[in-house]
Amino acid sequence: YRVGESKVRKVNVRFIAATNRNLEQESEAGHFRKDLFYRLSVFTISLPPLRERTEDIPTLAQFFIRQFSLKTNKPEPGVSPDFFKSLQQHAWKGNIRELKNVIERCIILADDKLDASILPPDFNVDPYEIALDLRSIEKKHIKHVLMRCNGNKTQAAKVLDIALTTLYQKIKEYEL
């Protein structure tokens with residue numbers, strides 16, 4: 001019945017349910033209704049976590065790179081081998097959602113190439129593979145602050161605690 005109707009309507013539906021728990025064990029332990037488990041378990045697809053499917057990471061990453069490049073109206077950046085290597089070495093506790101968020105962050109911060117240095121600071125990256133020169137760090141930091149301030153240079157200068165003229169010099173120097 002539709003809400004407010006007295007006429008019976010026939011429907012044909014299928015339910016798709018996803019969980020990170022073993023519902024069979026949960027139902028045996030009394031934490032999930034057995035009758036509901038048997039109704040839902042007509043066809044089970046078991047998908048291992050991303051950390052167990054590292055060979056899929058470059059393909060998924062390339063898909064998200066394309067997706068977020070289009071979304072941000074940026075040209076698709078080149079990708080260095082160390083970027084994919086670092087992605088494949090990560091534990092991926094958040095699975096594909098975590099990978100998607102990391103790629104979106106990288107696309108936002110990237111100039112023209114994705115490499116290991118653009119990955120989040122808490123990422124499993126070999127510190128010797130990342131350029132640690134002060135100039136690169138300063139450029140990325142200024143770019144990040146400008147983005148967080150939506151391009152407002154006066155506000156960015158305040159956040160950076162530098163004079164506005166200094167910020168303009170840095171923007172010119174780093175071609176931001």
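**Exercise 1.** In which helix do Lys170 and Glu173 both lie, and how many residues apart are they?

*Solution.* The model is predicted: local features need pLDDT of at least 70, side-chain atom pairs count only at pLDDT 80 or more, and totals for chains, interfaces and linings use all residues. Residues are numbered from 1 along each chain as its sequence is written, and side-chain values use heavy atoms, with hydrogens and water left out.

Step 1. Both residues belong to helix α8, 3 residues apart, about one turn of the helix. Helices are DSSP runs (H or I, at least four residues), as strands are (E, at least two), numbered from the N terminus.

Step 2. Lys170 and Glu173 form a salt bridge, with the closest N and O atoms 4.0 Å apart. The term requires a side-chain nitrogen of Lys or Arg within 4 Å of a carboxyl oxygen of Asp or Glu.

Step 3. Shared partners join Arg135, Glu138, Lys170 and Glu173 into one network of salt bridges.

**Exercise 2.** Determine which parts of the chain the salt bridge between Lys170 and Glu138 links.

*Solution.* Step 1. The closest N and O atoms of this pair are 3.3 Å apart.

Step 2. Lys170 is in helix α8 (residues 164–174) and Glu138 in helix α6 (residues 134–148), so distant parts of the chain, 32 residues apart, are linked.

**Exercise 3.** Classify Lys170 and Glu138 by accessibility.

*Solution.* Step 1. Buried means under 20% relative accessible area, exposed over 50%, and partly exposed in between (1.4 Å probe, protein chains only).

Step 2. Lys170 has 19%, so Lys170 is buried; Glu138 has 27% and is therefore partly exposed.
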